[in-house]
Amino acid sequence: MYLTAEEEKALSGEYGYATQKAMELLVTLGDVNGAERLIPVTSVQVSGVSYKTIGDAGLEFLTEFSSSGARVKVLTTLNPAGAPLSGELPVPESFLRRQEEILAAYRSLGVVLSCTCTPYYACNLPCRGETIAWAESSSVAYANSVIGARTNRESSISALASAITGKTPLYGLHLDENRQPTHLVEVTTELRGELDYTCLGYHVSRMGGVPLFRAEASPGSEELKALGAALATGSVSLFHFHSVTPGTPAAQDLEKVQVGREELEEARDTLTTCDDPELIALGCPHASLREVLQVLEHEPEREVWVFTSAQVKQLVERHTEVPETVKLIPDTCMVVAPLEEMGVRSVGVTSAKAAYYSLHLSRLGVRLDTLEALLSGK
Ligand code: F3S
């Protein structure tokens with residue numbers, strides 16, 4: 001891979017240990033993927049934040065890396081942590097201590113402790129065509145597909161390397177030819193709300209590639225967020241939605257797949273293992289302001305936990321009285337918080353991504369359904 005004189009210097013260690021290690025990783029990644037050169041990025045979203053997912057090995061790596069004096073070069077925001085920063089959840093003490101150490105390491109690297117997987121609603125909104133290096137699968141799908149920015153699905157380590165160097169290798173979804181649709185998904189049923197979009201995404205995620213959706217529907221930001229997050233449970237990091245997402249390509253000569261009500265119901269059934277969950281957990285990806293206000297309109301009688309960004313929580317609390325039944329929880333989510341260690345055994349969710357990871361990572365019972373059905377318990 002071609003490197004500029006500056007990049008060669010970084011690789012040889014002239015700018016310090018951390019920059020050298022970051023550059024080595026990006027060069028290896030670029031070589032493996034046939035990249036010609038590195039390109040600058042304007043922002044980074046880092047994953048690998050919760051102690052539940054990175055464990056002691058991740059904590060050790062971050063502590064060592066941050067103590068080498070490394071600093072990020074571009075705006076770098078952070079995915080949800082394993083617990084809220086201000087202690088709204090009864091997370092075990094030992095977990096909390098380690099979580100704080102992880103956050104301290106990120107802070108000393110210069111990362112903004114935004115702790116949200118919807119940085120585009122809170123603090124990190126790129127423009128169409130902007131080159132970024134993001135590492136949270138649902139935010140990657142949203143950035144590529146809805147915003148029209150360009151990013152590969154980075155790992156926590158490659159995103160951090162991009163944050164330190166301000167560069168990423170030119171391959172994958174940074175190239176026009178890899179952003180073209182690979183198949184046309186004709187949706188033959190009406191898409192009625194978040195549950196339908198998330199089930200559609202989950203069903204289509206198993207096909208991989210870059211789907212182009214055609215449907216009698218005009219999804220908004222939240223529906224596209226739900227669709228992208230569910231697609232990201234497979235290997236899909238970019239989708240097009242006919243007449244909605246920016247620069248939708250033509251559907252000529254594409255292989256066609258039809259998806260109807262039966263497939264959506266099958267996706268929901270696959271991800272449902274119980275009828276009467278203990279806890280209703282919403283906000284995967286983190287709830288937008290509109291979504292939180294919609295939950296409040298339902299005036300839930302059952303306790304509902306809504307995961308969101310600190311910014312959205314603050315706005316909601318300034319705007320209105322939040323009833324005791326609704327817990328707005330910032331900085332974390334139902335998947336990366338150790339719900340199982342807190343004694344939770346089953347969750348009711350509206351997101352296929354939350355359902356998938358609650359089943360397979362947290363080993364909880366799950367009901368995937370509409371908010372109305374979860375609240376009514378029917
Ligand atoms: Fe976000 Fe957690 Fe879902 S990081 S996308 S709320 S699994």
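The model is predicted: local features need pLDDT of at least 70, side-chain atom pairs count only at pLDDT 80 or more, and totals for chains, interfaces and linings use all residues. Residues are numbered from 1 along each chain as its sequence is written, and side-chain values use heavy atoms, with hydrogens and water left out. The ligand sits in the second largest pocket. That pocket lies between domain 1 (5-176) and domain 3 (271-376), because both give residues to its lining.

**Domains**

- The domain assignment gives domain 1 (5-176), domain 2 (180-267) and domain 3 (271-376); such bounds come from an automatic or database assignment.
- The centres of domain 2 and domain 3, taken over C-alpha atoms, are 24 Å apart.
- In contact across this pair are 12 residues of domain 2 and 16 residues of domain 3 (contact means heavy atoms within 4.5 Å).

**Largest pocket**

- A pocket here is an open set of points on a 1 Å grid over the protein atoms alone, where a 1.4 Å probe fits, with protein on both sides within 12 Å along at least five of seven lines; lining residues have an atom within 4 Å of a point.
- The largest pocket has a volume of about 710 Å³ (the space filled by probe spheres set on the points, with grid points joined across faces, edges and corners).
- The largest pocket is lined by 35 residues, and G193, E194, L195, T350 and L371 are the closest to its centre.
- Two or more lining residues come from each of α8 (194-205), α9 (221-231), α10 (261-270), β10 (279-287), α11 (289-297) and α14 (371-376). Helices (H or I, at least four residues) and strands (E, at least two) are DSSP runs, numbered from the N terminus.
- Strand β10 gives the largest share of this lining, six residues.
- The lining of the largest pocket holds 15 nonpolar, seven polar and 13 charged residues. Ala, Val, Leu, Ile, Met, Phe, Trp, Tyr, Cys and Pro count as nonpolar, Asp, Glu, Lys and Arg as charged, and the others, Gly among them, as polar.
- Domain 2 and domain 3 each supply at least three residues of the lining of the largest pocket.

**Second largest pocket**

- The second largest pocket holds about 480 Å³ of space.
- Its lining has 25 residues, with T53, N79, E136, V336 and K353 the closest to its centre.
- At least two lining residues come from each of α3 (51-67), α6 (137-147), β10 and α13 (352-360).
- The largest share of the lining of the second largest pocket, four residues, is from β10.
- This lining divides into 12 nonpolar, 10 polar and three charged residues.

**Ligand shell**

- More than half of the ligand's atoms lie within 2 Å of the grid points, the criterion for sitting in a pocket.
- Around the ligand are P80, C117, E136, S138, G283, C284, P285, C333, V335 and K353 (a residue is near if one of its heavy atoms lies within 4 Å).
- Strand β10 gives the most to this shell, three residues.
- The shell has six nonpolar, two polar and two charged residues.
- Domain 1 and domain 3 each give at least three residues to the shell.

**Backbone features**

- The peptide bond from C284 to P285 is cis, with omega near -10°.
- P285 is in strand β10, and both C284 and P285 are among the residues around the ligand.
- D253 is not a glycine, yet has a positive phi of about 60°.
- D253 lies in the loop between β8 (240-241) and β9 (255-259).
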